[in-house]
Structures are given as structure tokens and as C-alpha cells.
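Me: I am new to this structure and would like to know what the terms used for it rest on. Please go through them one at a time.

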Amino acid sequence: LSRYFIGVLDKASGQMEVYNAEIFHMQPLLSGRKALCYLSTKVTACETFARTQLLTAVSSALCISLAALSASLLPYSLSMEQEGYRVLICFSLAQMDLCIEAFGTSKQKRALSSRRMNAVGNDILNTAVTKAAANVIDAKGVSALIQDVAQDDVQNISVFLPPCNEDADKPENVYKFEDILSPAEYEALRVPAAAFVNITPEEIAKKTEEKSHCSFVLEELKFLPADEKRRDHKARCLWFLDTLIKFSFLKVIKKKHPMGPECPHIISRKLMKNFTSLTYNNGSVQNLVSASMKAKIAAYAITLALHINNFQTDLTILQNDMKLQESRMMDIAKAMRLKVSKAKGLPGLENDQNHKLGTLSLPLPVQKASGNQRKRRKMN
């Protein structure tokens, strides 16, 4: 094993005294605004002079006064001459910054400069925000601010809702069918929806076993009207609803026809245009089905389900199909001004759990804060 020594040169006599030494590394442990540096070695009485030289080097590196350092450490070294000891050196973050200024690399100095600039900016920003918040609270009061926040949340969801006609005289005119599917889009659904028009009970049972379509659509296919025109209309709506829900599970759209070749071009274009957001990644622009777009898809799916079921639909089945949280689904339903009530679910679905029924009726109920906002109000 290698051995290390410290040589102390006496300039008067020209002789050097050699002492045993141990190599150690200083490891600063940053905690809060202080750094702790532990030095571990063995010192005997005959090595006091060498230890003083060591402390001189340490104090220089840490920008700490040697007199202050020695005054706190020398008594311990003298009282522990025959046993190992640990030297604890505490220095503040400001002293560490001074060390970086004096001995740090270019990268460390740039980081230090950036941190100092950010600290000044944060102080100014925090002061300004605190002052502005105090002025707003004094001017409007806490109760008014809570109401504003609740209203903002409703408006944030309302951005993704279908156009709402609050002055409608009939439920079907509150969310018009033409705002969900244009005449051209509706006509384009005739060909792909033909499979639903002529579906047999055996085929429905097979699709249910394979889970090739969402639960809402599979259940509604069992109750297609006998009238040819109404049957075709419901089949088109169910096919588009099923496609809409499947589209909500996509993340980043990479294919030109994400829903397959059987999906009409005008429908694919509608999905990409209305239910995706553009994002820039890896040097290219991509279509993304974000969380807000999924909420928009849920709102349009609810609207379509209302038109299919005479403006009363099981929200829990749609929620399970889209894998949304119940609170999220309820927020969307309430933002759409639906009356939500409890109802027994259809047998065989989700263990016959209690389902939430959404009803669109006139007059429209007044918008209220969501359950999350009520919890926040209690915390305040």
C-alpha cells in the first residue's frame, strides 16, 4: 500500500521534518443554507505543526479565517491526541459562492451567475405578486374571488362544449344536431353505418363477446327502430359515436387515416381538425389528443347520446367506455346544463352499479361550481 507524508521545511536550518499523513476527500453536504464538510484523520502531538499547515490550506480553499478556524478546532486536537477525531467545518452558501468565484470552473461560474440573477428576479416577482394579490383581495373580497374562480372553471370547460342555444324552445334545439354532424358528414356515414342497419342479434352477441365496440353502442344496437328511416338515422349516429370514442384513446396521430380505410375521408378530417391539438416534437408538427381534447370528445359524445335517446342518457356507461373519472364526467355534464340523477344501470354492465343519468330539459339549470371548487372553498 502507498504511504503519504507531509514535509515541513525549516528555512533557518534548511532541514525538513517528515510526518505521516493520510489522504482524505472533502465532501460538502448541502442542506438548507449551510454546507457541512467532514474531514477525518489522525493527529498526534508531534504532528501539531503539520496539522496547522493543513488547516491553513483548508481555510484558504474555503475562504474562512484561519484564526477563527484554528480557535474552534485546536482545543479538540490537543484533547484527543491519542485517538482519531473528526473535524466539522460549517460554512454558508454565500461562502461557497465565494469559493466558486475564486476557484470554480467556467461552467460553475455561469451557473452561479444565473442563479443570482434568478434569485433577484424571483424576489421582485414574489413581491409584486404578493402586493397585487393583496390589492385584489382588498378590492373584491375573498367570497367574490371564490365565485370568480368557480365561474372561470365552468368557462374553461365550456370552451370545449358544442354550441349551446340557451334560448331554445325545445331540448333538441339546445344542442343542434347540425352542430355535431353537418349534412355532408351525415351523408358520408351512410356506407359505413350500413353494417349496423342490417345487424342481427347473433352478430350483436358476437361483437359483445369480442368487445369490438363500446358498451353504449352494443346496448343501443339491440333496440334499433323497425322504421327504415329512423333505423338508418340511429345506425349512423351510433357508428359515429363509436368512432369518436375509439378516437379518444389515441395519443399522437401519426397515420393519415388513423381510424382505418373504412372511415370516410370527411369524417377523418373532422376528427383531426376538431378533436386534436397541434404540438411540435422532434422537428415536426404532430396532432395530439390531449386531455382537453378528450374532454371535448366526451362532451360531443354526450350530446350525440342525448339525441339518440330522446335527451336522456346513462352517463356512467359513456364514462366507463371513455375510461374517465366520474368527477370529470359530472363536471362536463353539469357544464352542459344537464340534470344529473341516480339511476339503476343496465343489467350486466359494471356489476349493475348505480348509474348517473343525464337529462336535458327546459328551462336549463343555473351553472354551479364543481365539487372540487366546493372542497377548495372549505379549505379557505
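**Terms and their grounds**

Reply: This is a predicted model. One term to begin with is buried: Cys214 is buried, with a relative accessible area of 9%.

Me: Why is Cys214 called buried?

Reply: Buried means under 20% relative accessible area. Cys214 has 9%, so the word applies.

Me: What makes Cys237 buried?

Reply: The relative accessible area of Cys237 is 1%, which is under 20%, and therefore Cys237 is buried.

Me: How many disulfides does the structure hold?

Reply: The structure holds 0 disulfides. To count as one, a pair of cysteine sulfur atoms has to be within 2.5 Å.

Me: Is Ala195 buried or exposed, and how do you know?

Reply: Exposed means over 50% relative accessible area. Ala195 has 52%, so Ala195 is exposed. This residue is found in helix H7, residues 194–197. Its C-alpha atom is separated by 9.2 Å from that of Trp239, 44 residues apart along the chain.

Me: Which residues meet where H10 and H11 are in contact?

Reply: From H10 come Phe240, Thr243, Leu244 and Phe247, and from H11 come Ile267, Lys270, Leu271 and Met272. These residues divide into 6 nonpolar, 1 polar and 1 charged.

Note on methods. Residues are numbered from 1 along each chain as its sequence is written. This is a predicted model: local features need pLDDT of at least 70, side-chain atom pairs count only at pLDDT 80 or more; totals for chains, interfaces and linings use all residues. Side-chain values use heavy atoms; hydrogens and water are left out. Buried means under 20% relative accessible area, exposed over 50%, partly exposed in between (1.4 Å probe, protein chains only). Contact means heavy atoms within 4.5 Å. Helices (H or I, at least four residues) and strands (E, at least two) are DSSP runs, numbered from the N terminus. Ala, Val, Leu, Ile, Met, Phe, Trp, Tyr, Cys and Pro count as nonpolar, Asp, Glu, Lys and Arg as charged, and the others, Gly among them, as polar.
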